[in-house]
Amino acid sequence: MSGSRLRAVVVVCAIAATAAMAHLAKPTVFMTDTLGKPNLETVFPKQFGTWRIDTSMPMILPSPDTQALLNSIYNQTLTRTYVNDEGNRIMLSVAYGGDQSDGTRAHLPEVCYPAQGFQITSNFTSHLNLAGRNVATRQLMATQGLRNEPITYWLVVGDQVTVSRTDQKLAQFRLGLKGLIPDGMLVRVSSIDPDMAHGYQVQKGFLTDMAATFPETAKDRVFGVKFN
Amino acid sequence: MSAVLARKTGGVKRSRDPILPSGADIVVLGLLLAGFALLYLPSYLELARSVWSTDEQGHGPIILAVSIWLFYNKRLELAALPARPVLWLGVPILVVGLVAYALGRSQSFLMLEVGSQLLVLTALILLFMGRGALRLVWFLLFFMVFMTPFPEALVAIVTGPLKSAVSTVAANLLYALGYPVSRVGVILNVGQYQLLVADACAGLNSMFTLEALGLLYMNLMKYTSVARNVTLAILVIPIAFMANIVRVMILVLVTYHFGDAAGQGFVHGFAGMVLFIVGLVLVLTVDHVLGWIFKQEKPARAAGALS
C-alpha cells in the first residue's frame, strides 16, 4: 500500500515538473514586437516594371461573415489588382498576422478556396528566384464552374518561407523553442486563366518585377531570411 | 426474505457510493486526480475558449463529459480488480506522454497537448492497476481519441471528397424528385437561391461525432459478439454519410420553399439536430437487423466471455 503511495508521489512530482516546464517554455516574445509591424500598404509597391494598380475594376469585397473571420485571424490584409501593358491582370492578396499559434494562424489557400466552393484540381510545390532568395512556392489551380484561377503562394512564418502545414508547424516549433512567437505573412497572387502554365508564367514575371523594386528592409519579412 | 434483503442492501449500496468502495487508497487517488487536473484542466479551458466553440469541434465537450461518466461507471469494476502494476511498460509511456504534453502545451499545439492525455491515462492505469484494468477501459481511451483536435490538413483531405459526394447525391435525389436543382462542385443552385455546402455541414467532424455516439451506443448495449460490434462500427460510417445527405436536402428544401433567411436561420441549427436524430434512428434500425443475424452466435459467445 505504501509502495503505491510512494509511486503516486513520484508520478505527481513528474507531472508537476512537466507542467512547470511547459509553462516556463511557453514563448513570450512576439516577433512582431521586436521586428515591428509592417505596413502592407506601403511595403508592397504600387507600381513597378510595366505593372500598375488597376483602378478600372471595381473591387469585390468579401461577404460580411468572411470579413469577420479575416479580421479575427489577421491584423492586416491587403488586396490589390494589378494590370500590365499587355493587359494581363494579377490579383495580389497579402495577409499578416502577429501570432501564428494554433487559434490565429494563417489559413492556407488549399483550405480556404474549397471552403468557398472552389475545387483544387492541381497542387504542387515549386521555387522562384526572388530578391536573391530561393523562395519555395506552392502552385494551385482552383476551379469553380467556368472560373479557372491559377494561384501562387507562400507563407512566411517568422523568418522562414513555408508551403505546407507541416513546415508551418515545424517553423513555429523551431522559433517557439527559442522563446519566440512568430508572426506570419501569407502572400498570394492569382489570375483568371484557364491555362495554368501560362498563368504561372505571368505570375512569375509579376513577382520577379515586384521583388526587384522591393525596399531592402522589407525583403526578409516578405521573402524570408536568406539561409546559406 | 433474505433475497429481498440482499437486494435492498445492494440497492442502498449502489445509491450511496460516489466514493470508491473499500480497497481504494484515497491518498493515491487524490494525488493522481490532482496531477491529472494540473495537466489537463488548463488544456480543457483553452479548448473551451478556442476550438470547442466552433462547428468543427463542437462535439469535444460532449465526448469529455461522456468519457468522465463512463469512467465513473467503471469505478467499482476497476476497484475490484487485483492491482498488478506493469512498471516497465508504464514508465516509458508516461515519459513519452509527458514530453508530448510539455511540447504541445508550451508550443500551443493542441493536437499534441490534448492527444497526450491518452498516453498519460494509459500510463497511470498501467502503473497503478495493471493490464486487466487497461482491458476494462480500453474502449474509453479509444473514445477519447475523438476529442483530440485533428490537423486541418488531414480533415481537409477527407472532407473534400466527402462534401462532393454528399452534394452530388443530395442534388441528384432532389432533381429526381422534380426540384430545379443544379450543382457546380459543392455549390447547389435551387430556384433563385445558391447554397454552398460548407465544411461543417458535411464534414469529417460530424462523421466523428456520429461514429463516437455509435461506439458509445455499442458500449452501453454490452454486446458480447465481436463480429456484431465491428459490423455496427463499420456501418456507422455509411449511416453518417446518409444522415449528412438528409441534412443537406432539408436545408435545400427549406431554402427553396421558405427563402434564404429560413435556411440560414434557426432551421440550420435544427438541421444539425436532424443529422443526429436520423443517425440515431438508422443506428437503432441497423442494430435491430443485426440482432436477427447474430442471434445464433450470442449464447455461444456469451459462455466464453468474461463479463
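## Chain A at a glance

Keep in mind that this is a predicted model. Chain A is built from eight helices and eleven strands, and its C-alpha trace spans about 85 × 40 × 35 Å along the principal axes.

Of the 228 residues in chain A, 36% are buried. Among contacts in chain A with a separation of 6 or more, 66% link residues 24 or more positions apart.

## Nonpolar cores

The largest nonpolar core has 41 residues, and Val94(A), Trp154(A), Leu186(A) and Phe206(A) touch the most other members. Several elements of chain A give two or more residues to this core, including strand 5 (89-97), strand 7 (133-144), helix 6 (165-176) and helix 7 (196-212). Strand 8 of chain A provides the largest share, six residues.

Take a look at Trp154(A): leaving aside residues up to four places away in sequence, Trp154(A) touches residues including Val135(A), Arg138(A), Val161(A) and Val187(A). There is also a second, separate core of 24 residues, with Leu47(B), Phe208(B), Ile239(B) and Ala240(B) among them.

## Helix 5 of chain B

How far apart are the end C-alpha atoms of helix 5 (residues 87-106) of chain B? They are 28 Å apart, which agrees with the 28 Å that its 20 residues should span at 1.5 Å a residue.

Buried residues in this helix include Gly90(B), Ile93(B), Leu94(B), Gly97(B) and Tyr101(B). Their cover includes helix 1 (2-24) of chain A, along with helix 2 (26-49) and helix 6 (110-128) of chain B. After helix 5 of chain B comes Ser108(B), with a positive phi near 40°.

Note on methods: Residues are numbered from 1 along each chain as its sequence is written. Chains are lettered from A and ligands numbered from 1 in the order in which they are written. This is a predicted model: local features need pLDDT of at least 70, side-chain atom pairs count only at pLDDT 80 or more; totals for chains, interfaces and linings use all residues. Helices (H or I, at least four residues) and strands (E, at least two) are DSSP runs, numbered from the N terminus. The expected span of a helix is 1.5 Å times one less than its number of residues. A residue is buried if 20 or more other C-beta atoms lie within 10 Å of its own, exposed if 12 or fewer, and partly exposed in between; C-beta atoms are placed from the backbone. Two residues are in contact if their C-beta atoms, placed from the backbone, lie within 7 Å. A nonpolar core is a set of buried Ala, Val, Leu, Ile, Met, Phe, Trp, Tyr and Cys residues joined through C-beta atoms within 7 Å.
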